[in-house]
Amino acid sequence: MLPTGLTIAGSDSCGGAGIQADIKTFSALGVYGMSAITAITAQNTQGVTDIRELDTAIIRAQIDAIYTDISVGAVKIGMLSSTEIIQTVAEGLKSHQAHNIVLDPVMISKSGSHLLRPDAVTALKSHLIPLARVVTPNLHEAAELVGFAVDDYKKMEEAARRIHAMGAGHVVVKGGHLSGAACDVVFDGYTFNYLENERIDTKHTHGTGCTFSSAIAAGLAQKMSLDESIRRAKVFITMAIRHGFDLGHGVGPTHHFYDFYRS
Ligand SMILES: Nc1ncnc2c1ncn2[C@@H]1O[C@H](COP(=O)(O)OP(=O)(O)OP(=O)(O)O)[C@@H](O)[C@H]1O
Ligand SMILES: Cc1ncc(COP(=O)(O)O)c(N)n1
């Protein structure tokens, strides 16, 4: 039986982020990928031109269709767009006693479009963070969650502590937007660990957060420990960024190896 992963996220028409990045990551890591789509974005490497949120009934129906039939090893949550969608997803996951939930609190695309309505941050904190085994905010998302600027390692630690107190199991505050090494702060409620890799000099980083969080979910689906899943995800995202390429005319995508193990 193959390990299974579910992504609950938005569709990115150019395939670099969102549902498409998640499914490619699951496949590259040997996990069978499934999806519940929350919103459809018209998007390319230069930006997001339109967004349609799906109605909550079809979002809930996708989640129910999967859980009433299939055993789900891990869930990755990405773009949720609105308070109503957050509530629907939280209720759906609770009713099926979903486990191994990796929450990437997607808020704004690299190109600057809102993928979460600003008034939905409160719902994210109260309904979904408490369900998550791990939450993976970038610096901006961490700042929105805790209410102060997160721009150095001390503040990343403080933000991780506060997000953990909101009910998350582990917190990974990603330092992809700092300068210097690409270093993320991992907090398990007791100790801080720093996950560091060289910064790759490229502009082609569309979908890095999606790829990283779905790689963590893939590890959990494969019954790796959370620590091991996070460490392998860091190796995977670093390699995927190294092989990012100039698709289109803007910020190109990371490259998700068809077979990570043979690359
Ligand atoms: N240029 C880079 N070189 C190496 N690693 C990087 C680089 N940029 C980001 N990373 C790593 O990629 C992972 C994702 O981090 P990032 O901060 O880019 O997420 P994000 O902003 O949520 O992504 P997205 O904007 O796609 O949602 C982290 O482990 C981060 O350290
Ligand atoms: C559907 C969807 N989900 C997530 C992202 C974030 O990725 P990025 O910050 O790299 O644009 C995105 N652009 N689109």
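## The shell around ligand 1

In this predicted model, strand 8 (182-187), helix 7 and helix 8 (226-242) each supply at least two residues of the shell around ligand 1. There are 23 residues around ligand 1, and those that come nearest are Asn138, Gly176, Ala182, Ile200 and Gly209.

By class, the shell around ligand 1 holds eight nonpolar, ten polar and five charged residues.

## The shell around ligand 2

Ligand 2 is surrounded by 18 residues, of which Gly10, Ala17, Gly18, Ser109 and Lys110 are the closest. At least two residues of this shell come from each of strand 1 (4-12), strand 2 (32-44) and helix 7 (208-221).

The shell around ligand 2 divides into six nonpolar, ten polar and two charged residues.

## Helix 7

Helix 7 has 14 residues, which at 1.5 Å a residue should span 20 Å; the C-alpha atoms at its ends are 20 Å apart, in agreement with that value. Because 14 of its 14 residues are buried, helix 7 is largely enclosed by the rest of the structure.

After helix 7 comes Lys223, which has a positive phi, near 65°.

Is Ile8 buried or exposed? Ile8 has 29 C-beta neighbours inside 10 Å, and a residue with 20 or more counts as buried, so Ile8 is buried.

Leaving aside residues up to four places away in sequence, Ile8 touches Ala36, Thr38, Val75, Ile77 and Val89. Asp22 lies 14 residues from Ile8 in sequence, and their C-alpha atoms are 9.4 Å apart in space.

## Helix 3 and helix 4

Helix 3 (residues 83-95) packs with helix 4 (residues 121-128) at an angle of about 10°, and their axes are 9 Å apart. Angles under 35 degrees count as roughly parallel, so helix 3 is roughly parallel to helix 4.

Which residues make the contact? Helix 3 contributes Thr83, Ile86, Gln87 and Ala90, while helix 4 contributes Ala123, Leu124, His127 and Leu128. Five of the residues in this contact are nonpolar, three are polar and none is charged. An α-helix has 3.6 residues a turn, so residues three or four places apart point the same way.

How values were computed: Residues are numbered from 1 along each chain as its sequence is written. Chains are lettered from A and ligands numbered from 1 in the order in which they are written. This is a predicted model: local features need pLDDT of at least 70, side-chain atom pairs count only at pLDDT 80 or more; totals for chains, interfaces and linings use all residues. Axes are lines fitted to C-alpha atoms, for helices over the stretch in contact, and angles run from 0 to 180 degrees between N-to-C directions. Helices (H or I, at least four residues) and strands (E, at least two) are DSSP runs, numbered from the N terminus. Angles under 35 degrees count as roughly parallel, over 145 as roughly antiparallel, 65 to 115 as roughly perpendicular and the rest as oblique. Two residues are in contact if their C-beta atoms, placed from the backbone, lie within 7 Å. Ala, Val, Leu, Ile, Met, Phe, Trp, Tyr, Cys and Pro count as nonpolar, Asp, Glu, Lys and Arg as charged, and the others, Gly among them, as polar. A residue is near a molecule or strand if its C-beta atom, placed from the backbone, lies within 6 Å of it. The expected span of a helix is 1.5 Å times one less than its number of residues. A residue is buried if 20 or more other C-beta atoms lie within 10 Å of its own, exposed if 12 or fewer, and partly exposed in between; C-beta atoms are placed from the backbone.
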